[in-house]
Amino acid sequence: MPGAAEEVSMLKRKRVLVLLIPALVLYLGLFIYPAVQALWVSLHDWSGFTSEMKYVGLANFAELARDSTYWESFLITLKVIFIGGGGIFLLAFIFTFFLTSGIRLRKVFRAIIFYPNVVAPIALATFWGFLYNPRFGLINGLLRSLGLESWTRTWTGPDLVFGAVLVALVWTYVGFYMVILISGVEKIPPDYFDAARIAGAGKVQIFFQITIPLIWDVLVIAVVLWIIIAIKMFDFLFAFSGGMTVPQSLWTNAVYMFLLTFGQRVAIYRMGYGTAVAVTMLILVVVFAGIARLAMRREKIEY
Amino acid sequence: MKTALKWGLGLFLIAGLAFAVFAQGKTNLVYLSKWNVGEVTQGIINDAIDDWASDHPNVEVERLWSGRNVNAKLMAMVQAGTPPDFYDEDPMLIENSLGKSGLALDLTPYLKKVKSYDIDKPVFDTFSKGFFDPWTFRGQINTLPIQQYLTVFWYDKTLFKKLGITKTPDTWPQFLALCERIKQAGIAPIVMDGGVNFYNMYYFSHLADRIEGKNALLDAINDKTGKSWDKPGFLQAQRYVKELRDKGYIIKGFEGYQFPAGQIDWVQRKGALLLIHTYMPIEVKESRPDDFVYGSFPFPSVPGGKGSQYDLTSIVGGVAILKATKDPDLAFDLLKRMVSLKVQTRFAQEALNVPTIVGVELPDIFKDLEDIMKKQTGTFRDYSGGPGQFEPELAQTIMYPLNQNVLFGKLSPEDFIKQVKQKSIEYWSKKK
């Protein structure tokens, strides 16, 4: 016979389950079902316009394995994740360090750095496109006005466009990750810092030995979030190139998927094959997020 | 008070019922368009639909102005089981989406049977002979062309006068001499948007067909053995393209130009020559200096080449009717309004398009073009994506990237031929 306390606990659990149902239904309907459906579509040859799909088994994935364009786009995706992510987190740490060290006007600086995140990526990409314009762009204009004509470059040309876009991406996203890290830092009880200072620790020492270990969980979430954002990166790259054609050096997996399924001016309409690319992106998210969590696993510090 | 409320409620119900009955009696047609609200073409199409709708009070035409990503919207509507009645896009895109899927209505019987809105002959006969040939797929016409674009070199007559240039080039050597002269005057001879991979095919494709003959490039693209790429004209064509780059005839920094940076530079006289469709003048209308006078000439011939200087590329924009439409006769009745004299004249005068039907006066800016069209010896395939798209996957993943690499100085013409041949063979073997 269960005791009274156990009965209350069972009742609570049932109530929780009932309350979970609407969210569960939405999650299953809007995420799990489309994901399973995408997996099913990826096993077919389909233009997206007919009611019948031709089942081809794993042929789309076999073709992907031999598709050099896919592997080039995969490499570009990896570069966005690691080089872009490296830049973003390096700067986010630097800003977090300064903005949590008690400097004046820190809220103003924080708002300025966060600002790009309240602007639509399309507008940001267009703005950066103007900055980089080889003829009338601000960057070359500034260099010319300083008498540094020889330093001017075709920033959006095939050699530099990827680096140019990475700089723009770092500028765009650094504020978001900085805010996440700062919110973690602000949760740390001030006693820890006081104790460290009394013990004679400097600001840098405190940052690396107190702050970072105590916001480790937050950092892991931020890294996983970036991996997801980087893998599905599309809108910024599309808008950066004026919406006509995305330069091939910016074809991430997401851009390649778009070109294969819908395209725009040059429409390929291979919905099944494009969906296979999407499935590999999902796998990439799961694998990379898993690796990130494993690699960054540490003993939990509670405070 | 209660009585008044009852009366009010009763009247409200009756009005609602009457509205429902009235609404049910109306036929609803859905027009899905690639144009955005505010574009000149959108305004003309919208007015044409309004005009037609005023003659058909029992028909409601819902208009979805969806912009250039309209194909994604079409796909979603088809998959949801609510396809539109009309879809306006480029014929090749229509063929690759609706045509091949069997969703497009064959317009041939309607074109041949139904009389034009304001000309006393069937709609088909209001077009020039052979006009529909490039847009006939598997014996079926999916699209009624409502706008036409030809590709020519554009220049500013005022600038040429200032530079003392009195004659446009007829041959490639004359063209190179012209470029040199413009360069010596301190102006970039050629302008192009390096970022637009399909427009950048123009120099190679024109040269290839001028040397090897009309549609030789298209034949090579479709050659599953890849042997056609051994024809010397293709290598020569890319060598000529490389020469333009090596001699500094293309505007500095073009590799990083994103549309429409190049054509804005051109209309502001930073560069002299622009090889592009006839839809360019409307796009630069706002940036054009007052004394800018449009001039145009066809792509020059190559001495000893098989192609003619007056073989032109022509592409069209048009409208398809979906098979699922409730009333095909009614739908075609609306569609034919787009190729009436009145609407075609508006396309020519306001949207600065070349009309698709015969007998419509061209605007002044197309004066040179009119002369060119009179001398036209044939039409060859355009390669500019969209309406000119050819085997889209091969174009996007093989042809355009390799061509870009030659233009950007990253690939030699010899390696271009080697790679395009090898990759084309691989591509076609994959498609077996």
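These notebook entries record what I looked up in a predicted model.

**Entry 1. Chain B as a whole**

I began with the overall make-up of chain B, which has 17 helices and 11 strands. I took the extent of chain B along its principal axes, and its C-alpha atoms fill a box of roughly 90 × 55 × 45 Å. I then looked up burial: of the 432 residues of chain B, 46% count as buried.

**Entry 2. Strand 6 of chain B**

I went through the pairings of strand 6 with other strands of chain B. With strand 10 (residues 311-321), strand 6 pairs in the antiparallel sense over 7 bridges. In that strand, I found B:Val319 opposite B:Leu144. With strand 8 (residues 271-277), strand 6 of chain B pairs in the antiparallel sense over 4 bridges. Strand 9 (residues 294-297) of chain B is also an antiparallel partner of strand 6, over 4 bridges.

I looked up B:Trp154 for both of these last pairings. B:Trp154 stands opposite B:Leu274 in strand 8 of chain B, and B:Trp154 also stands opposite B:Ser296 in strand 9 of chain B.

**Entry 3. Backbone geometry in loops of chain B**

I checked the peptide bond from B:Phe259 to B:Pro260 and recorded it as cis, with omega near 5 degrees. I located B:Pro260 in the loop between helix 10 (232-246) and helix 11 of chain B.

I then looked up positive phi values at residues other than glycine. B:Asn215 has a positive phi of about 65 degrees although it is not a glycine. I placed B:Asn215 in the loop between helix 8 (202-212) and helix 9 (216-221) of chain B. Is B:Asn215 buried or partly exposed? I recorded B:Asn215 as partly exposed, because it has 18 other C-beta atoms within 10 Å, and a buried residue needs 20 or more.

B:Arg269 likewise is not a glycine and has a positive phi of about 65 degrees. I found B:Arg269 in the loop between helix 11 and strand 8 of chain B. B:Arg269 has 15 C-beta neighbours inside 10 Å and therefore counts as partly exposed.

**Entry 4. The side of chain B that touches chain A**

I examined the contact between the two chains and found 37 residues of chain B in contact with 31 residues of chain A. I listed the helices of chain B that each supply at least two residues to this side: helix 3 (70-79), helix 4 (91-99), helix 11 (261-267) and helix 16 (392-407). Which helix of chain B gives the largest share of this side? I found it to be helix 16 of chain B, with 6 residues. By class, the side of chain B that touches chain A has 14 nonpolar, 16 polar and 7 charged residues.

**Entry 5. Helix 7 of chain A against helix 3**

I moved to chain A, where helix 3 (residues 68-99) packs against helix 7 at an angle of about 45 degrees, with the axes 7 Å apart. The two helices are therefore oblique to each other. I recorded the crossing of helix 3 of chain A and helix 7 of chain A as right-handed.

I looked up the residues that meet. Those of helix 3 of chain A include A:Gly84, A:Gly87, A:Phe95 and A:Thr96, and those of helix 7 of chain A include A:Leu166, A:Tyr173, A:Tyr177 and A:Leu181.

**Entry 6. Helix 7 of chain A against helix 10**

I then examined helix 7 (residues 161-186) of chain A with helix 10 (residues 216-231) of chain A, and found an angle of about 165 degrees and axes 9 Å apart. These helices are therefore roughly antiparallel to each other. I recorded the crossing of helix 7 of chain A and helix 10 of chain A as right-handed.

Helix 7 of chain A contributes A:Tyr177, A:Ile180, A:Leu181 and A:Gly184 to the contact, and helix 10 of chain A contributes A:Val218, A:Leu219, A:Ala222 and A:Trp226. I noted that the residues of this contact divide into 7 nonpolar, 1 polar and no charged. I also noted that A:Tyr177 and A:Leu181 of helix 7 take part in the contact with helix 3 of chain A as well as in the contact with helix 10 of chain A.

Key: Residues numbered from 1 in each chain as written. Chains lettered and ligands numbered in written order. Predicted model: local features only at pLDDT ≥ 70, side-chain atom pairs only at ≥ 80, totals over all residues. Axes fitted to C-alpha atoms, helices over the stretch in contact; angles between N-to-C directions. Parallel < 35°, antiparallel > 145°, perpendicular 65-115°, else oblique. Left-handed = near helix turned anticlockwise from the far one by under 90°. Contact = placed C-beta atoms within 7 Å. Nonpolar A, V, L, I, M, F, W, Y, C, P; charged D, E, K, R; others polar. Pairing = 2+ DSSP bridges. Buried ≥ 20, exposed ≤ 12 C-beta atoms within 10 Å, placed from the backbone.
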